[in-house]
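Please open the model in your viewer and keep the sequence panel beside it. The tour below goes from one selection to the next and says what is found at each stop.

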Amino acid sequence: MNLQNPKKFKMLIDQAHESALNVLRPISRKYDKAEHHYPKELDMFSSLIDGMNEGGEGINAGAAVGKRGNTEVGNKNGVNMSTVLGVIEMCYGDTGLLLSMPRQGLGNSAIAAVANDEQLERLKGTWAAMAITEPGCGSDSAAIHTTATKDGNDYILNGEKIFVTSGERADSIVVWATLDKKLGRAAIKSFVVPKGTAGMKVERLEHKLGIKASDTAVISFIDCRVPAENLLGHAEIDIAKGFAGVMETFDNTRPLVAAMAVGCAKASLERIKQIFKDQLDENYATPYLQTSYIAAQIYRMEAEWEAARLLTMKAAWMADNKKPNSREASISKAKAGRMCNEITLKCVELAASVGYNEEELLEKWARDSKILDIFEGTQQIQQLIIARRELGKSSSELK
């Protein structure tokens with residue numbers, strides 16, 4: 001594995017970096033204070049990203065990792081790698097604003113991972129949120145209670161979803177529901193429910209610690225009728241394959257969340273280095289044990305950040321090269337989420353009153369960082385998944 005960014009993505013990275021500094025960062029505090037107000041500045045910006053994506057690899061939440069079996073020989077750096085590198089730079093600007101970007105919803109990743117060719121074409125261009133979590137069902141996605149009952153050429157959904165990112169603004173919601181509770185996780189499927197469908201209602205928007213620019217909704221489904229063709233992938237319940245088909249979604253989204261954490265931590269780390277630049281050796285020539293306490297802390301954080309970045313790139317590279325990356329996706333998410341929390345909070349601590357003041361963005365980045373260690377699978381769940389992969393245990397054998 002080459003540890004440097006692919007040269008062909010240099011222009012993309014530079015554009016994303018400039019966009020973060022000149023588009024996202026200037027309005028970051030504005031929408032942190034104006035919670036639930038849609039950032040209209042993103043409309044034109046997202047159109048530019050759409051144009052970049054039309055040309056091939058870009059910043060695309062629908063980067064597909066679920067399509068296996070490619071016999072291509074050689075190393076490939078494709079849309080998964082470009083998306084991760086772009087997301088890092090965008091979250092260097094603002095994580096909440098990235099999560100508010102039209103057509104870049106987490107549901108788009110679910111569509112890319114599970115949908116068949118006809119669905120991929122039909123749903124192209126939609127902005128899809130993803131609804132998994134329920135009251136009493138958070139980290140254990142297999143415990144979903146929302147039901148989908150077949151009725152002619154439709155399915156009828158009943159249940160409630162919470163913490164749906166972009167749940168009010170998105171064009172459609174990818175809803176996880178069970179076809180038969182008795183069959184357990186194998187019967188869980190995902191459905192695309194267009195905005196405005198009868199029986200689907202946004203009950204409220206949550207007030208949050210961070211990422212306030214992003215709307216987070218509670219959505220109810222009461223006799224919500226969805227066409228059968230909106231069931232992503234195949235309707236057959238495969239007991240042998242179990243939950244694996246739907247879970248491929250997370251192999252796609254976890255490296256993206258890891259990239260968000262890498263970008264958010266990068267912003268804090270660069271700012272703290274600017275504040276204490278007089279105490280740092282830019283050539284790293286001073287032995288670690290001879291540096292000041294503050295310099296030693298910053299050097300340690302840099303090492304942690306670099307480790308998380310490389311693990312995230314590895315998970316994306318494996319996806320581009322059609323290698324099963326479930327273990328690596330969880331490793332990158334676990335490492336990056338924990339690293340981001342630690343670095344952003346430590347930077348607030350080191351900067352003292354400057355870090356705690358709203359004149360700086362350090363305190364905002366610390367608040368934004370917490371969700372990156374929680375959503376798309378908590379730190380503890382990632383460690384459990386990694387342990388299962390390492391020990392060759394099933395979910396029933398290792399809980």
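Before selecting anything, note that this is a predicted model, in which local features need pLDDT of at least 70 and side-chain atom pairs count only at pLDDT 80 or more, while totals for chains, interfaces and linings use all residues. Residues are numbered from 1 along each chain as its sequence is written, and side-chain values use heavy atoms, with hydrogens and water left out.

**Confidence**

Colour the model by pLDDT, the predictor's confidence in each residue on a scale from 0 to 100. The mean for the protein is 91, and 92% of its residues reach 70 or more. Then select residues 65-69, where pLDDT stays under 50 although the model has 18 contacts there beyond four places in sequence; contact means heavy atoms within 4.5 Å. Where pLDDT is low, the predicted coordinates should not be read in detail.

**Strands**

Helices (H or I, at least four residues) and strands (E, at least two) are DSSP runs numbered from the N terminus, and two strands pair if DSSP finds at least two bridges between them. Select S7 (residues 216-227) together with S3 (residues 154-165): these strands pair in the antiparallel sense over nine bridges, and Glu 160 stands opposite Ser 220 of S7.

Is Thr 216 buried or exposed? Its relative accessible area is 5%, and Thr 216 is therefore buried, where buried means under 20% relative accessible area, exposed over 50%, and partly exposed in between (1.4 Å probe, protein chains only). Its side chain makes a polar contact of 3.3 Å with the side chain of Lys 208; such a contact is a pair of N or O atoms within 3.5 Å, and within protein one must be able to donate a hydrogen and the other to accept it, with residues adjacent in sequence counting only if both atoms are side-chain atoms. Not counting residues up to four places away in sequence, Thr 216 touches Phe 163, Val 164, Arg 204, Leu 205, Glu 206 and Lys 208.

Next select S4 (residues 172-178) and S5, which pair in the antiparallel sense over seven bridges; Ala 177 has Lys 189 of S5 as its bridge partner. Strand S5 (residues 188-194) is largely enclosed by the rest of the structure, because six of its seven residues are buried.

Move to Asp 94, in the loop between helix H3 (79-93) and helix H4 (95-99), which is buried at a relative accessible area of 1%. The side chain of Asp 94 reaches the backbone nitrogen of Leu 97 at 2.8 Å, and a polar contact of 2.7 Å joins it to the side chain of Lys 364. Beyond four places in sequence, Asp 94 touches Leu 24, Ser 28, Lys 364 and Asp 368.

Lys 364 and Asp 368 are among the buried residues of H11, so extend the selection to that helix (residues 362-369), where eight of eight residues are buried.

Leu 42, in helix H2 (residues 41-54), is buried with a relative accessible area of 0%. Leaving aside neighbours within four places in sequence, Leu 42 is in contact with Leu 24, Leu 97, Ser 100, Met 101 and Pro 102.

Val 262 sits in helix H7 (residues 244-275) and is also buried, at 0% relative accessibility. Its contacts beyond four places in sequence include Ile 88, Trp 305, Ala 308 and Met 339. The C-alpha atoms of Val 262 and Ser 369 are separated by 9.9 Å, although the two residues are 107 apart along the chain.

**Helix H8 and the cysteines**

Helix H8 (residues 293-320) has 28 residues and reaches 41 Å from its first C-alpha to its last, close to the 40 Å expected, which is 1.5 Å times one less than its number of residues. Just after H8, Lys 322 takes a positive phi of about 60°.

Finally, select the cysteines: the structure holds zero disulfides, a disulfide being a pair of cysteine sulfur atoms within 2.5 Å. The sulfur of Cys 264 is 4.0 Å from the closest cysteine sulfur, in Cys 340, which is too far for a bond. Cys 347 is in no disulfide either, its nearest cysteine sulfur, that of Cys 340, being 9.8 Å away.
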